[in-house]
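Work through the exercises below with the coordinates open. Each task is followed by a solution in steps.

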Amino acid sequence: TDGGLHFTPISTGLPDENGTIATAHGLEHEVWIGMPPAGLHRSVDGGRAFSRIEAVEKVILFCLGKPPEIGEPPVLFLYGTVGGREGVFRSFDLGVRWEDISPPEPVGIGCNPRVMAASQQHSGLVFIGTGGRGIFYGMPEPATQNR
C-alpha cells in the first residue's frame with residue numbers, strides 16, 4: 001500500500017512451496033501463483049484468498065498474455081500437466097478449459113525450462129526459455145472451440 005516500502009502478509013494457507021507469481025494485466029486484484037508440485041492457484045481479491053485451478057495437475061511454468069479481443073480475459077499459458085498429459089497448454093477462460101498446443105513432434109524443450117512469457121502486444125505469442133536449449137516460441141492458430 002506504500003509503493004513497496006513495507007510488506008505485510010495478507011494470505012495464509014497456501015502450500016509451503018517455491019513458485020512463480022503473476023498478475024493479469026487489466027484484471028484488478030487478480031493474482032496467480034504456480035507451484036510445481038502444488039498446482040496453479042488464483043486470487044481475485046488481491047491475494048487474500050486463493051483457489052486451486054483443479055484441471056492443472058502440475059505446473060512447471062505459466063504466464064498470462066494479451067487477450068484475443070478487448071474486454072476478454074487474458075490468454076493463460078501453462079507448461080505442465082493437464083488431464084494426465086504433460087505439455088504446453090492455453091486457456092481462454094482463465095483455466096476452466098485447456099487446449100494442448102504442444103508441437104506434434106517432441107521438440108526437446110528439456111526437463112529444466114527456466115521461464116515462460118507471453119506477449120502483451122500480440123495475442124497468442126508465447127516464449128519458453130530453457131536451461132541450455134535456447135528459447136522456443138510459438139503462436140498457435142486461433143482456437144474457436146474453447147471460446
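The model is predicted. By the distance rule applied here, it holds 5 salt bridges.

**Exercise 1. Find the salt-bridge partner of R42 and state which parts of the chain the pair ties together.**

Step 1. The cut-off is 4 Å between a side-chain nitrogen of Lys or Arg and a carboxyl oxygen of Asp or Glu. R42 meets this rule with E30, where the closest N and O atoms are 2.4 Å apart.

Step 2. R42 belongs to strand β3 (residues 39-43), while E30 sits in the loop between β1 (20-23) and β2 (31-35), so the pair ties together parts 12 residues apart in sequence.

Step 3. Classify the accessibility. Buried means under 20% relative accessible area, and partly exposed lies between that and 50%. At 6%, E30 is buried. At 21%, R42 is partly exposed.

**Exercise 2. Determine the distance between R85 and D100 and locate both residues.**

Step 1. The side chains of R85 and D100 form a salt bridge, with an N to O distance of 2.3 Å.

Step 2. R85 lies in strand β7 (residues 85-91) and D100 in strand β8 (residues 99-100); the pair links distant parts of the chain, 15 residues apart.

Step 3. R85 has a relative accessible area of 45%, which makes this residue partly exposed. D100, with 30%, is also partly exposed.

**Exercise 3. Is the pair E99 and R90 buried or exposed?**

Step 1. Confirm the contact: E99 forms a salt bridge with R90, and the closest N and O atoms are 2.9 Å apart.

Step 2. Both E99 and R90 are buried.

Step 3. As background, side chains of opposite charge can pair when their charged atoms come close.

Technical notes: Residues numbered from 1 in each chain as written. Predicted model: local features only at pLDDT ≥ 70, side-chain atom pairs only at ≥ 80, totals over all residues. Heavy atoms only, no water. Helix = DSSP H or I, 4+ residues; strand = E, 2+ residues; numbered from the N terminus. Buried < 20%, exposed > 50% of the residue type's maximum accessible area, 1.4 Å probe, protein only.
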